[in-house]
Amino acid sequence: MNALVTYPATPENEKAEALRKEIRAFLEAELAGVSPVIRARSWTGYDAEFSRKLGERGFIGMTWPKKYGGHERSNAERYVVIEECLAAGAPVAAHWIADRQSGPLLLRYGTEGQKQEFLPRIAAGEFYTCIGMSEPDAGSDLAAVRTRAEPVEGGYRVNGTKLWTTNAHNAHAMLLFCRTSGTPADRQKGTSQLLVDLSLPGIEIRPITDIAGDRHFNEVTFQDAFVPADALVGEEGNGWEQVMNELAYERSGPERFLSSMALIEGLADLLRTSAGEAAEIAIGRLVSHIATLRFMSRGVAAMLENGENANPHATIVKDLGAVLEQSIPDVARSLVDMSPDDVTTRDFLSLLAYTEAITPAFSLRGGTREILRGIIARGLGLR
Amino acid sequence: MSETLDLLTDAAARLFGSDSEDKTARAARDGGNVAAIWEQVVDMGLPLALLSEEEGGFGLSAYEALQLIRISARNGAAVPLGETMVANWIMARAGLSVMEGMATLAVLPAEAIGEDGRLSATGHWVPWGRDAETLVVLAGDRVASLAKGSFEAKAVQDGNRLPRADLSIDTVLEDGSVAARPASLDDVTVRAAMALVRALEMAGAMAAILEIAVDYVNQRTQFGRPLGKFQAIQQQLAVLADEAAAANAACDLAASQWGATVPVLSAAVAKARAGEASAPVTAIAHQVLGAIGFTEEHRLQLFTRAIWTWRNEYGSEREWNRMLGQAAFGAGGTLWSWLTGPALSRTKNAGEAA
Ligand SMILES: Cc1cc2nc3c(=O)[nH]c(=O)nc-3n(C[C@H](O)[C@H](O)[C@H](O)COP(=O)(O)OP(=O)(O)OC[C@H]3O[C@@H](n4cnc5c(N)ncnc54)[C@H](O)[C@@H]3O)c2cc1C
């Protein structure tokens, strides 16, 4: 069997299912009364108070060692918590990136000091990070980064601009991917990662309003910002390998097919009482897709648990998930008779309008559709 | 995955893949004989693979046994392995004796079997209906097994040339060949079991198609480079891989849930999702293979055309998606709580015995 097209079946996990009850009850209580339009913000909704509560209950850093504030749970258990948060549209943005990628990266490449200093605070839901990859001239072509950390006495002097940095305005630190030697012509060589304290002088954060009117991403400029030497994560010059691993963490989860659950639930509620044949078929089709993607995504979690390379498998889930999610507003439109002047469908229409406005991002952030398909093609041996 | 399965899958892949010129596959399409390959299928014990050891199987889990159907299709094998495995599974459940010969099955109306034990009915579009040694009939509250020759079978024209037959049956059922039908084997359940067989076959064929397409674009050169070096081609094949992966995963979800009963809802997911993947998978493969893929001679059509027939059998996307939609609306509560509930998500340990 072409290994690329098979995903392991994950056995039933009683502990994880018990945990599902717990997290569901918690989310129901915490999110009672939150409107679907707010829930539709899903993992871009920021609420530090909520993140701290999750941390208190042991729902962040779940798989990390206890000595770093983690809970030594399995990937299957973590998966349940993640998917329940996404499906409920919980405002998880504050800690999401740190839990998903910065923490695991520190765990893998960080110094003992970094692990002791940051991981417990991340797990407590108190320390937030952001992803410093994209720049004005480095989008899909990440190796084109120009931001430069010049080694100086006791640390680095950083100059450059990071762009589209989600949550930089709320985060304590940025995991900065930058050049520490050579020139942009050296591409992957001479790059490194620094965990930069965003309160340092010389760093300016300017919010950018997104298409839906929300402010979650930013432009971050560094002007002769001095960053101490102990901010270096991993090895100097090993940035490319590390950032590829960071992206693998970023792409491994079920975000991509679960961030429209609020809209899907809204649609099902609207259709439930008077569902005709067309609605049954359309909702059934969404079920067949989501059930399949869940199976695949849980398979990815199992592969990670076993230390296998799940990169192409995870990329396929993300690509399929984006295509599905982007189709949902149109599915809804084909089933529901609605008009802005009809007060009975107005709430649903505003939910639809919001989701529709953000759908373009589904195949951009975390790697564009074309980039993901390039990765899959590499998995097939074509590149 | 268990060691037995590894050994068995290797052996099955060798067996089904041994026919390098697809002679049997082509013979099956020309109404020819596939007995030689079936003998080897029997030697490996595959017809009884879905049964427990007490029933005559060799202790594979259902998840493992069902993989064999996919492997056969992936290697282009033209044999009624899925039909035979399911027919035997039904016979074992009904307490009838199981068979190693080729078998097929037909669900007929309740009135087909009269008070006097006479079975008279017509059966349409029965796969391998002319070739099978045994026909398992489910009608009303009975299960019966009929030997080849005790009914008439007329080949029907499948547009993609798979062996299908219309049957006319008028025979008195012999003692020992008829039994009470277990309540768990209702019409929908049996249809779902065969829908899963077809989905597994489609998924296996898609894996083969992906391989054929990748091999082809690596070797065919135009404009001075292999086609596979062109980004437009790479992006197309990525989509093919996406869809083939989804079809395979949907089948694995259902296969991993097969236990004492057929997992009807996840079988619906499998057939609907594999069916939906059929269009992009076959279209992309034919696009990248160009004119050579449009010939009778090239083996691509053995897989794509089989998919086009399988897609229509035992319920298309429309039928199974509708059932899923009805079940979702009927479940009450949120869609999410139903999706994560036992019907569509719990999977047994894949290595667990059936
Ligand atoms: C909501 C949102 C949040 C984000 N958050 C962050 C963040 O927190 N941190 C961060 O670092 N970045 C973030 N990004 C940036 C994101 O990673 C980039 O948008 C993405 O990498 C693409 O870069 P680009 O936008 O410059 O597009 P470009 O790279 O300029 O691409 C434009 C188009 O051209 C296509 N294209 C580019 N190169 C090729 C090629 N070789 N072959 C074929 N097609 C090609 C792309 O697929 C795309 O369709 C975010 C983006 C969004 C939309």
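**View 1. Helix 7 of chain B, end to end.** Helix 7 of chain B covers residues 231–257, and at 1.5 Å a residue its 27 residues should span 39 Å. Its end C-alpha atoms lie 39 Å apart, which agrees. The expected span is 1.5 Å times one less than the number of residues. Helices are DSSP runs (H or I, at least four residues), numbered from the N terminus. This is a predicted model: local features need pLDDT of at least 70, side-chain atom pairs count only at pLDDT 80 or more, and totals for chains, interfaces and linings use all residues. Side-chain values use heavy atoms, without hydrogens and water.

**View 2. The interface of chain A and chain B.** The contact (heavy atoms within 4.5 Å) takes 52 residues from chain A and 56 residues from chain B. The two chains bury about 4700 Å² between them, 64% of it on carbon and sulfur atoms. Buried area is the accessible area (1.4 Å probe) lost on being put together, summed over both parts.

**View 3. A salt bridge across the interface.** Arg322(B) and Glu280(A) join their side chains in a salt bridge at 2.7 Å, N to O. The rule asks for a side-chain nitrogen of Lys or Arg within 4 Å of a carboxyl oxygen of Asp or Glu. It finds four salt bridges across the interface of chain A and chain B.

**View 4. The side of chain A that touches chain B.** Elements giving two or more residues include helix 1 (14–31), helix 10 (277–305) and helix 11 (311–335) of chain A. Helix 10 of chain A gives the largest share, 17 residues.

Terms used
Residues are numbered from 1 along each chain as its sequence is written. Chains are lettered from A and ligands numbered from 1 in the order in which they are written.
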